[in-house]
Number of protein chains: 2
Amino acid sequence: MTRRPTSRDVAVAAGVSQSTVSIVLAGKWAGRVSAPTAQAVHEAAERLGYRPNLAARNLRLGQTRTVLFVVPTLTSPFFGAVYTGAARVAAAHGFGVVVYPWPAGTARERSPFAAPRGAVPAPSHPAGAVEGPSWVASWKEIDGVLASSMAADALAELLARDDGSPALVMLDSDPADPVPTVNVDVAESMRTLVAHLAGLGHRRFGHLAADIDVWTFRTRGEALAAAVAELPGATLVRQAAPIAVDGARTAAHVLLRDAPTALLCDADVLAAGAYKAARDAGLDVPGDLSIGGIDDILLAEALEPELTTVRLPAEALGERAMAALLELLDGGRPQTVSLPGDLVVRASTAPPPDR
Amino acid sequence: MTRRPTSRDVAVAAGVSQSTVSIVLAGKWAGRVSAPTAQAVHEAAERLGYRPNLAARNLRLGQTRTVLFVVPTLTSPFFGAVYTGAARVAAAHGFGVVVYPWPAGTARERSPFAAPRGAVPAPSHPAGAVEGPSWVASWKEIDGVLASSMAADALAELLARDDGSPALVMLDSDPADPVPTVNVDVAESMRTLVAHLAGLGHRRFGHLAADIDVWTFRTRGEALAAAVAELPGATLVRQAAPIAVDGARTAAHVLLRDAPTALLCDADVLAAGAYKAARDAGLDVPGDLSIGGIDDILLAEALEPELTTVRLPAEALGERAMAALLELLDGGRPQTVSLPGDLVVRASTAPPPDR
DNA sequence: CATCTAAAGTCATACGTATTACCAAGTCAT
DNA sequence: ATGACTTGGTAATACGTATGACTTTAGATG
């Protein structure tokens, strides 16, 4: 017999019934099974190398122990790290994570919760290329959803469903929302960054903002504006750009017309574009222009000069978010968590040029 | 009744038996069910919004429709993209993907296939922090494994298991191995890169190599050496470095002592370190030193000057690999695929300085 | 007309688990 | 001594699907 052992095999080996095995291994035997019997069951399970069959358990329990992770893209070190943290915690608790890359701006019909019409999936799976995202949640049942705020509009639909909506935790979303949220305290991060530059003597600020209208970026902008407003005589100009090097470069050129001495960027990728714009304009970083970012992805260290930025605890974010989701699935109360960012001072910030 | 419909509900609605529904929806009704009946079943399923219960199907079929993805890290745009492609194809075929970040050099005891002793997972899951990777495959059953070559040593154990080893496809591994493999033709990529530089007039080459002993990097080195050997009067020096900016910088300093005019790097990240070394040495890129990379991650475009590199089709790699794995699971024959890289000429390569 | 075959379905069952209801044997209070 | 209660366990069942063994009916064949 080479097939993998079942709980019944364990029962036979331990001289008890299958129910007893199930009860003991679930840890619910207080007052139902004697200690020696429980011990015997554990030993038999160990000896046989028993692992519960998840499919059977899922069927019985009506859950899938699977979590959907909705994220704009994994081709970003930030979300990759978030995923890593989330997946680690999930795995440790017997959950799988299915990722659903959902680029911001994707049409609503492509939402992971909208099933294609008439598509009852067959068990056969002729391998081949697939175009575009596919519908995950429609047939791969899920117990919960971990979603980046960039997918916020797809979630309205989810929440409106009548058939038992899965548990939901939002990532980097507005903590004031009724939905449990785990995010980075970007407002504080921005204030720290401004304080750092103000301390160096800067008063003319430029904000290279991400052009995505989600909480995290809105908040960065507001916090930055508030912090600058508190500085006597300080000015602020702002320009939005898509999160890409090229777009940032163009937008930064516009900002530079106002001759700021410090440029704060909503993301490190934007900072890379700002570097290029500065070079185009013949400005030295940090001699003529200080540049600060947010994220601390690999890029920050690779740029020349190395980028002063705020490190966002991406892996911890994923871990905490998954922990909150599992807690929710376990019947615990929803929690909203905020993690601090860390200012990493490198070589891209310095006192402003004398005038 | 608000619970989700089962195949029995569909059967009642269509006026047939549950078995018939199952047969029809599986698409296996050739000669077993009349066309009108099949039609009725499909309509009923559509009308009720029926989705098969995966847990039940998995239990019945003894499979999990889950694939393990073993990867050194997701905090790298490259593997993030590979994952994205793989997950997309998997999802389209009803498979989930569980990722197992397995940093190169991880101790064998932490292999995803080695279960911790005595750890029969309980269904309860007190949320909380977890340290280090956890054991996925030991209890979360899987049908197949997609593994980066960097996890090669953990796989020996897998293949030696007696209890029905899962199907396996290797990523970026030696195509000569008996294991089905999907990889990028890095040898050809390297030759293309050398040809580009040789065409510009370079004869003194330096190779900034990754210090990981896996097929993909070994092959890059060999192909580079072979290509240089074919150039009359060409020389080559090599230095290995960990895949990180700092380590690459140090190693590049050593290389520069031999005054190469062109530096080829096993990865874009290494190229970033080479940039820093060049700057340290007062060399202009590309005026005094041409630098070429491999990967074409975001970084390549962000560097100044923008990096000439070979674009590896990461997403396509993941897609093809998953397709090959699904084909294998479907009883198809193992296939080994090789995808071409694309040379992307940017601003970091130019003719060598006059002497 | 009797028999055979094909077509079109249905029946029954098993996958492995978790849980509810039940039961036997002591123990204790009255 | 008898009922009530506790302790320690078992039997039975349901979750939803896929499938091999059957059944029925109609048409073809001898």
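How many bridges join strand 10 (residues 308-311) of chain A to strand 12 of chain A? The model is predicted, and local features need pLDDT of at least 70, while side-chain atom pairs count only at pLDDT 80 or more and totals for chains, interfaces and linings use all residues. Residues are numbered from 1 along each chain as its sequence is written, and chains are lettered from A and ligands numbered from 1 in the order in which they are written.

Three bridges join these two strands, which run antiparallel; two strands pair if DSSP finds at least two bridges between them, and helices (H or I, at least four residues) and strands (E, at least two) are DSSP runs numbered from the N terminus. Across this pairing, A:Val310 stands opposite A:Leu343 in strand 12 of chain A.

Both strands belong to an open, mixed sheet of six strands in chain A, ordered 7-6-8-9-10-12. Strand 7 (235-241) and strand 12 (342-344) of chain A stand at the edges with a single partner strand each, so one side of each lacks a neighbour in the sheet. From one strand to the next the twist averages 20°, with axes fitted as lines to C-alpha atoms, for helices over the stretch in contact, and angles running from 0 to 180 degrees between N-to-C directions.

Helix 8 (residues 215-229) of chain A packs on the sheet, touching strand 6 (204-210), strand 7 and strand 8 (262-265) of chain A, where contact requires C-beta atoms, placed from the backbone, within 7 Å. The direction of helix 8 makes about 170° with that of strand 6 of chain A. Helix 9 (residues 245-256) of chain A also touches strand 6, strand 7 and strand 8 of chain A, and its direction makes about 155° with that of strand 7 of chain A.

How values were computed. Two residues are in contact if their C-beta atoms, placed from the backbone, lie within 7 Å.
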